[in-house]
Amino acid sequence: MDVKVVTVKGEPIDGAVVSLSSVPNNGAFPEIASLTNEQGLANVICEYVAGEYVFSVFTDEYGASKISVTVSGKEEDLPVILIVTPEAE
Amino acid sequence: MAKKATSQAGKSQKAVSQNEKKTEEDLMLEVSNESEQVDETSSECYCPFDLLEGDETEAIYASFSQKELKEIIKKDEEELGPLPEAILGVDSRSRIQAPFKYPYTAICSLKIAAKDGNKFIGTGFFVGPRVVVTAGHCVYMHDHGGWAQNIEVIPALDGTSKPYGSAVSYCFHSLKGWTNKKDSGYDYGVIILPENAALGQKTGWFGYGYKTDDSYFKNRAITLSGYPGDKGGSQQWGMSGAATGVTNGGRKFAYKIDTYGGQSGSPVWVYENNGYYVRGIHTTGSSNSNYATRINKNIFEKIKDLKAKYPAK
């Protein structure tokens, strides 16, 4: 699953560490973390299905954020946008 | 809790291997029969360069003998008590306060560069001076070009501190059951460090062994430590807990220990016979349980062969 990590202003964050906390249907997933590039993009290794994913995003500036995202399962080509804020957790 | 586990598991590795050889051979035969096109248990190796050319390293060159290592462990235990209990304390994930103490020195953060340019974080652990064991999906990523482009191995990373330096490897091993079939039961990988970067001589390494008795993995006290992504992938965190049983045809075992992405490849070990023995390689998370690839006879032999093939200089 492609993700893009950005600030509330939409600026991409380079070097964010993205990992999964849970996936739909109580599924299993490999516990390897992904690093974003200068465009804020990373690929999270997991099966892409409809439902709720919970991500952890760690950045040097904001620390750890936990972000829940529900995907339709029909837009695999589009990255999931993960917006980190100082308040998130 | 760890002391109780020690007394429960009084057998030596050698005795186990001999007594349970037949059962394990039967299991291996079943595995072979299941394979229609590929022998999942056979090795796959990717080593595009002569290992001597792997010069991108900040290795600190030093070594100590097994006798010296025992003295170090003894001294650490006098200071800290039995390490799994003293450092992890309660049954929840805790930051390892002394990653510079064995056995935590033998655990490495992995910075993985995939062939397609994506980057990942994982964990590995030394089993010899140049041999680092990890998850198969840390060295071979099916959707990212296959074998990793390179992996930087950083033992005992603690924030920005790299007490043993780091080394970049281009040489990896796994099993065909993983590389060809993507079968989670074979999710095992090995990183070979260049000859001039035998960092394990400085960090020490884990023992490893296999048990063919499935009941061994029921309520067994185990410890897992690695580099979780929710902590930035640069701090070592660990937890002690109990294994809850085997799954996946006996090739994996489950446990109720908190983990996070980035901890794939972490050692799952027991403290027995005054030593730290890895019984599994953490690979998988889920909402209900987390899972390790079990060290079975096949993996045990593969690691042994690689240790012999890639000694320190």
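**Entry 1: where the chains meet**

I began with F29(A), which sits opposite G285(B) in β17(B). This is a predicted model, where local features need pLDDT of at least 70, side-chain atom pairs count only at pLDDT 80 or more, and totals for chains, interfaces and linings use all residues. Residues are numbered from 1 along each chain as its sequence is written, while chains are lettered from A and ligands numbered from 1 in the order in which they are written.

F29(A) made me look up its strand: β3 (residues 29-30) of chain A is joined to β17(B) by two bridges, and the strands run antiparallel. I noted that two strands pair if DSSP finds at least two bridges between them. Strands themselves (E, at least two residues) and helices (H or I, at least four) are DSSP runs, numbered from the N terminus.

How many residues of chain B are in contact with chain A? I found 25 of them, touching 20 residues of chain A; contact means that the C-beta atoms, placed from the backbone, lie within 7 Å. On the chain B side, β4 (119-126), α6 (136-139) and β17 (275-285) each supply at least two residues. I sorted that side of chain B into four nonpolar, 18 polar and three charged residues. For the sorting, Ala, Val, Leu, Ile, Met, Phe, Trp, Tyr, Cys and Pro count as nonpolar, Asp, Glu, Lys and Arg as charged, and the others, Gly among them, as polar.

**Entry 2: a sheet in chain A**

Next I traced an open sheet of three strands in chain A, with the order β5-β1-β8 and mixed pairing.

β1 (residues 2-7) of chain A runs parallel to β8(A), and five bridges join them. I picked out V5(A), whose bridge partner in β8(A) is L82(A).

I then followed β15 (residues 252-255) of chain B. K252(B) and A254(B) point one way from it, F253(B) and Y255(B) the other way, and all are buried. I wrote down the cut-offs: buried means 20 or more other C-beta atoms within 10 Å of a residue's own, exposed means 12 or fewer, and partly exposed is in between, with C-beta atoms placed from the backbone.

β14 (residues 237-247) of chain B runs antiparallel to β15(B), with four bridges, and G245(B) stands opposite A254(B). Their hairpin has four residues between the strands, and N248(B) takes a positive phi near 55°. Another four bridges join β15(B) to β18 (residues 290-294) of chain B, again antiparallel. In that pairing F253(B) faces A292(B).

**Entry 3: one helix**

I looked at α9 (residues 297-309) of chain B, which has 13 residues and reaches 18 Å from first C-alpha to last, close to the 18 Å expected at 1.5 Å a residue. The expected span is 1.5 Å times one less than the number of residues. Which residues of α9(B) are buried? N298(B), I299(B), K302(B) and I303(B) are. They cover an arc of only 130° around the axis, which puts them on the same side of α9(B); the arc is that of the directions from the helix axis to the C-beta atoms. D305(B) and A308(B), on the other side, are exposed.

N25(A) has a phi near 60°, positive in a residue other than glycine. I found N25(A) in the loop between β2 (17-22) and β3 of chain A, partly exposed with 13 C-beta neighbours inside 10 Å.

K182(B), also not a glycine, has a positive phi of about 55°. K182(B) lies in the loop between α7 (176-179) and β11 (189-192) of chain B.

I also checked the peptide bond from Y102(B) to P103(B): cis or trans? The bond is cis, with omega near 10°. P103(B) is in the loop between β2 (94-95) and β3 (107-113) of chain B.

Note on methods: Two residues are in contact if their C-beta atoms, placed from the backbone, lie within 7 Å.
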